[in-house]
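Welcome! Here is a short tour of a structure that may be new to you. Take a look at it below, and then read on.

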Amino acid sequence: MKNIKTLGELKQVGYQSKSIKDELRDNLIENIKHKKITFEGIHGYENTVIPELERAILSRHNINLLGLRGQAKTRLARMMVNLLDEFIPIVEGSEINDDPLQPISRYAVELINKKGDGTPITWLHRDERFAEKLATPDVTVADIIGDVDPIKAANLKLSYADDRVIHYGMIPRANRCIFVINELPDLQARIQVALFNILQEGDIQIRGFKLRLPLDMQFIFTANPEDYTNRGSIVTPLKDRIGSQILTHYPDNVDTARTITSQEAKLDSRQSESIHVPDLAKDLLEQISFEARESEYVDAKSGVSARMSITAFENLLSTAERRALLSGDEKTTIRLSDFTGVIPAITGKVELVYEGEQEGADFVANALMDSAIKTLFPRYFPKVEKLQKQDEETPYDDLISWFFNSDGFELLDDYDDVTYRAKLDEVTPLDALLADYQPDIEKEDIYFEKEFILWGLTQFKKLSKYRYSEGLQFKDPYGSYISGL
């Protein structure tokens, strides 16, 4: 088809025009029939968002994706380009991608009337059929719809009453394309009103011109539910004209969150090859986000973006990489103490409520990490009961006794791997706990889980942990109290 260069040749092959919504619908039907995944790389939406999105496409609806930040709304919109035909013909030189068989602009109509079947055409690839606009308060009707261009009028020596003096905005120029408006509530109400006719009647109004341009477009809007009260709102008549509103959400479980983080994290190949990340470390990293979404210190209305886990994972590997470079280790394994390096990724991604602001961002980040450890600990090791009978034995008695009879135990940040492992091996009761409750653990994960036991017991007040500039110190809580620390 790309070899066809004129309108006459296009008619000879029997080309049939098709609206963009029919393109999306027909190609989606083929994908569903052949079990082809349309939204590749989108995880956690298989039984919720994606079926609703597919139903909206089949219904030929304009769509509003409503959800908190970091829920892949824009990515879903961009991936709809894959449902378009690979190429479509347009009248060569047209500003608004005129269909050669159904021209709507004055330029295209006059050119076809003049040249007939000899009208030159060109082909537009689907990757060029996507336009996106971030709704900001300074957006004007002229930006998105169009306006009279006095310079064009002067150059062409035209009257302002001539529609050739119009400069088309982003929406008319995106004719036969997918057009996305991100953060719709940030668009001023008067600008939202300008979209009414485009969505319902398919025409545009520019200044005093009586234009009827039946634009062929697929609109997708994205919005954050908090925006309805914080910065603005979607005006009711506009919501009424949007066919389907689809609610997005965060991952429902840690496994899905891990998949997303692994897919999206931008790692240097040297990090991937030289740093081993235990499965427990990956779970712990994701659990921090789940704790943040439930935390009393974090504003739930703002949400906690999936980007937090992604950037935290990148920071975690960079922390281990820097440590290995300083100690001279060619390869290393993530340590739990490396998690202090993810704090900057957390503090920049969570919106704190008043109580959180009072405590401070660093305190909240550390509290979230502690909560994640406390949540995961019973999944790997016996639960620590809050109330115990006097003289009742627990699986942790030997370990607590070891600390009671020692002067404390230090893990410095700059230990090389040999020294780090040797220090943890000094705490001999840890080996028995792993043998009893994690017998199938991978060899490379042993020392992370040993450290995890120590951190976990501090959360249940069985041990005490102190952070200072060079590393960590673990002690039994009673000995620490007696020594006045």
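## A loop with a charged neighbourhood

Glu-385 sits in the loop that joins helix H18 (361-380) to helix H19 (397-404); helices (H or I, at least four residues) and strands (E, at least two) are DSSP runs, numbered from the N terminus. With a relative accessible area of 43%, Glu-385 is partly exposed; buried means under 20%, exposed over 50%, and partly exposed in between (1.4 Å probe, protein chains only).

This is a predicted model: local features need pLDDT of at least 70, side-chain atom pairs count only at pLDDT 80 or more, and totals for chains, interfaces and linings use all residues. Residues are numbered from 1 along each chain as its sequence is written, and side-chain values use heavy atoms, leaving out hydrogens and water.

## Two positive phi angles

Most residues other than glycine have a negative phi. Arg-60, though, has a positive phi near 60 degrees. Arg-60 lies in the loop between helix H3 (49-58) and strand E1 (63-66), and is partly exposed at 41% relative accessible area.

Ala-72 is not a glycine either, yet its phi is positive, at about 65 degrees. You will find Ala-72 in the loop between E1 and helix H4 (73-79), partly exposed at 29% relative accessibility.

## The whole chain

Stepping back, the chain has 23 helices and 14 strands. Its radius of gyration is 30 Å, well over the 23 Å that the globule rule gives for 485 residues, so the chain is more spread out than a compact globule. That radius is taken over C-alpha atoms, and the rule is 2.2 Å times the number of residues to the power 0.38.

Along the principal axes, the C-alpha atoms fill a box of roughly 100 × 45 × 40 Å. Of the 485 residues, 50% count as buried.
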